Amino acid sequence: MDVVTALQRQATACEDLGSPMYAELLRLLVDDYEVGGVTVEVLADYEDRSFGEAVALRLLGAVHGLVLSGTVPELAAFYPSVGGSWDPVLGWEAFEQVLRSRLGEVRSLLTQPPQTNEVGRSGALYGGLLRLVETLPLPVRLFEIGASAGLNLRADRYRYVADGTSYGPEDSPVVFDPAWSGPVPSVDLRIAERVGCDIAPVNPLTDDGALTLTSYVWPDMVDRLERLRGALVVARDVPADVRREDAVSFLRALELSEGHVTVVWHSIMWQYLRRPDRSAIEQRLEELGAQATPAAPLAHLSLEPHAVITHERGQDGWEYRIDLQTWPGGHKRSLGTASPHGQELLWNPS
Ligand SMILES: C[S@@+](CC[C@H](N)C(=O)[O-])C[C@H]1O[C@@H](n2cnc3c(N)ncnc32)[C@H](O)[C@@H]1O
């Protein structure tokens with residue numbers, strides 16, 4: 001895909017997902033590119049990449065990282081993530097100036113693919129877990145593939161408020177209110193183990209890791225930033241073991257355990273897997289499922305996009321679905337839907 005189309009498409013996505021600042025900034029980058037401005041130099045070698053390579057988000061993340069590290073105060077004044085306020089005229093001038101003065105640095109940061117860990121998806125995973133434990137009341141061993149920094153492995157340490165009920169610790173710095181619509185049981189949830197894997201894990205306990213994660217959150221999405229900052233605090237108290245490993249080998253080593261429900265979960269990572277890896281994971285889950293017993297059950301819980309197919313229009317967009325499969329038996333259910341960042345969470349009746 002040519003770079004202008006990629007920037008325009010990302011602008012639309014940012015607009016749809018609630019970042020008017022990035023939508024505007026991306027359109028200004030397109031204008032600058034088309035008149036041969038500094039954006040052409042910044043994006044040299046990136047003129048024709050797949051949308052999945054997320055060149056636009058690499059660039060925005062690179063500059064946001066500079067803002068967060070305090071090295072470009074003239075631009076920080078326009079970034080809500082550090083207390084500034086966006087202005088399309090003066091903000092663009094400052095942004096363009098940073099591209100000019102930090103060209104080499106920005107270009108070297110472009111080589112890094114974006115790395116995010118969206119805490120907003122915790123509600124979908126946590127609510128799914130409560131629905132699971134209602135029917136399988138055992139301590140939980142959590143195994144997350146594509147865990148990034150492992151912030152969602154601490155989902156039970158965040159507070160969720162919905163329909164007059166509060167779930168999770170009252171004093172958590174991460175609060176979802178309202179968290180969702182629809183039925184979610186209040187059950188006694190015990191997490192015995194929290195383990196994850198990722199091919200590019202981020203350590204949320206280091207300054208560098210925290211900066212990386214924050215830089216890829218869109219600066220005018222204040223709720224997402226607040227949740228991330230809260231989750232970084234929780235991570236200091238609640239250990240989770242996130243290994244640098246690909247999902248297939250991680251699951252090959254997984255075994256079930258008597259007296260526990262073993263849960264494999266993931267959010268917005270399936271699209272990054274190669275087709276043979278997806279098949280290998282499905283096959284491994286079936287193998288483990290065949291070994292599952294009522295005393296050592298297995299569950300697969302996910303929040304992932306699924307194509308919406310309509311009779312009239314064929315594929316008509318994407319639905320972000322929360323699915324649960326349990327063994328023994330392999331029973332599959334769709335529990336609900338959410339937006340890509342985990343909001344607008346709607347549970348199906350149980
Ligand atoms: C969009 S991020 C989502 C991270 C996290 N699950 C969330 O919802 O915030 C996708 C993650 O999948 C990881 N990933 C991609 N391919 C992988 C693989 N083969 N095995 C393990 N992790 C992988 C990436 O490194 C990245 O951290």
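**Close-up views of a predicted model**

**View 1. Packing of helix H2 against helix H6.** Glu24, Leu25, Leu28 and Asp32 of H2 meet Pro88, Trp92, Phe95 and Glu96 of H6, where contact is taken to mean that C-beta atoms, placed from the backbone, lie within 7 Å. By class, this contact of H2 with H6 has five nonpolar, no polar and three charged residues, with Ala, Val, Leu, Ile, Met, Phe, Trp, Tyr, Cys and Pro counted as nonpolar, Asp, Glu, Lys and Arg as charged, and the others, Gly among them, as polar. This is a predicted model, in which local features need pLDDT of at least 70 and side-chain atom pairs count only at pLDDT 80 or more, while totals for chains, interfaces and linings use all residues. Residues are numbered from 1 along each chain as its sequence is written. Helices (H or I, at least four residues) and strands (E, at least two) are DSSP runs, numbered from the N terminus.

**View 2. Surroundings of the ligand.** The ligand is surrounded by 20 residues, and the closest are Gly146, Ala247, Ser267, Met269 and Tyr272; a residue is near a molecule or strand if its C-beta atom, placed from the backbone, lies within 6 Å of it. Sorted by class, the shell around the ligand has nine nonpolar, six polar and five charged residues.

View 3. The chain is divided into domain 1 (3–109) and domain 2 (119–347), with bounds that come from an automatic or database domain assignment. The centres of the two domains, taken over C-alpha atoms, are separated by 31 Å, and the contact takes 17 residues from domain 1 and 12 residues from domain 2. On the side of domain 1 that touches domain 2, the elements giving two or more residues are helix H1 (3–17), H2 and helix H4 (55–68), and the largest share, five residues, comes from H4. The residues of this side of domain 1 divide into 10 nonpolar, seven polar and no charged.

View 4. Aspartate 177 and proline 178 are joined by a cis peptide bond with omega of about 0°, and proline 178 is found in the loop between strand S4 (175–176) and strand S5 (191–198). The peptide bond from tryptophan 327 to proline 328 is also cis, with omega near 10°, and proline 328 lies in the loop between strand S9 (314–327) and strand S10 (331–338). Aspartate 163, although not a glycine, has a positive phi of about 50°, and its place is in the loop between strand S2 (159–162) and strand S3 (165–167).

How values were computed
Two residues are in contact if their C-beta atoms, placed from the backbone, lie within 7 Å.
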